[in-house]
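Here's a quick briefing on a protein backbone and its sulfur links. Keep the 3D view open while you read.

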Amino acid sequence: MKATIQRGKSRRPITWLTTALLILWCYLWWSRSHHESAPDGWQIITCDVGQGSATLVRSTNDSAVLVDTGPEQGDLDECLRWARVRRLSAILLSHEHADHIGNLEHARQFLDTKSGQVLCSPAMASSCQPVSTGQQITVGNAELQVLWPHTTNVHRLSTNNSSLILHVEVKPWHAPGTATTPLTALLPGDAESPALDQTPWNDDTPVDILALAHHGSKTSGTTYLEKVSPDITVASTGKNNSYGHPHQVAVQELRKLNIPLLNTADSGHIAFQRTPTGLLTHTQKHP
């Protein structure tokens, strides 16, 4: 009996040691596979909010314009922490689908109480300030130009095709090692072929980063990809989502055009920054 008790006591330190080693291993694995924060000079961040969309466009040192909020269950807070964003200069809503605006009420808590506004597609309800085609929104270092939709036909469009299509330009930060050319992006929301084909693309308008329209859905087609000709594309999708986003049609076309694709489902939050040597991408999760 005593021998049995003695053996039990001798096992206990080994059990605690094993548990401690397991916890340490898990922590080391997590720290190796996750970047704790975005780089200091980030200009645009595609947030990982699951199957949905949320993009941060940096306006000042600690604030940003938020384009879409992601779904209600999406972890927008975690993205804001990763970006070290304390307040939102403005919120832009592309269209009324829940995976893009479901977290709006929570996002409002971060909105600048003095000057922050909630702006939206002219197809949306009056709870936000509608914008119009050609309008340019300037907030600090960020400039966002509305390319679509036209107010004259917006009520004849489907919800997806009434999405804002935004051209974004973020001026470089005046710090050692920064570039002199702005970083540009195209954010087409859930626009599909009818809207994308009618949008007047300007060949002289640079697009460094393209957020795949409708998360890379087949319904958005592929002809716009060659017209826009971005340096890199990003898909905002949930892991193993039931929609099959991004669709293989879009993926194959990007391979054909030799345009890289990043996916939040694999990379987590994705930060973009222009440096003197070119476009820098920084992912929350290691490949």
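Let's start with Asn240, which sits in the loop between β12 and α7 (helices, H or I of at least four residues, and strands, E of at least two, are DSSP runs numbered from the N terminus). This is a predicted model, where local features need pLDDT of at least 70 and side-chain atom pairs count only at pLDDT 80 or more, while totals for chains, interfaces and linings use all residues. Residues are numbered from 1 along each chain as its sequence is written, and side-chain values use heavy atoms, leaving out hydrogens and water.

**Positive phi**

- Most residues other than glycine have a negative phi, and most peptide bonds are trans.
- Asn240 isn't a glycine, yet its phi is positive, at about 55 degrees.
- With a relative accessible area of 74%, Asn240 is exposed (exposed means over 50% relative accessible area, buried under 20%, and partly exposed in between, using a 1.4 Å probe and protein chains only).
- His215 is another non-glycine residue with a positive phi, near 65 degrees.
- You'll find His215 in the loop between β11 (209–211) and α6 (223–228).
- His215 counts as buried, at 4% relative accessibility.

**Cis peptide bonds**

- Trp148 and Pro149 are joined by a cis peptide bond, with omega at about 5 degrees.
- Pro149 belongs to the loop between β8 (142–148) and β9 (165–170).
- His245 and Pro246 are also linked by a cis peptide bond, and here omega is about -10 degrees.
- Look for Pro246 in the loop between β12 (232–235) and α7 (248–257).

**Disulfides**

- A disulfide is a covalent bond between the sulfur atoms of two cysteines.
- Here, a pair of cysteine sulfur atoms counts as a disulfide if they are within 2.5 Å, and that rule gives two disulfides.
- One of them joins Cys47 to Cys79, with an S to S distance of 2.1 Å.
- Cys47 is in the loop between β1 (44–46) and β2 (55–58) and Cys79 is in helix α2 (residues 76–83), so this pair ties together parts that are 32 residues apart in sequence.
- The torsion about the S-S bond of Cys47 and Cys79 is about -70 degrees, so that disulfide is left-handed.
- Cys47 is buried at 0% relative accessibility, and Cys79 is buried at 0% too.
- Cys120 and Cys128 form a disulfide as well, with their sulfur atoms 2.1 Å apart.
- The link of Cys120 and Cys128 is right-handed, with 90 degrees about the S-S bond.
- Cys120 is buried at 0% relative accessible area, and Cys128 is buried at 8%.
- Count the bonded cysteines along the chain and the pattern reads 1-2, 3-4.
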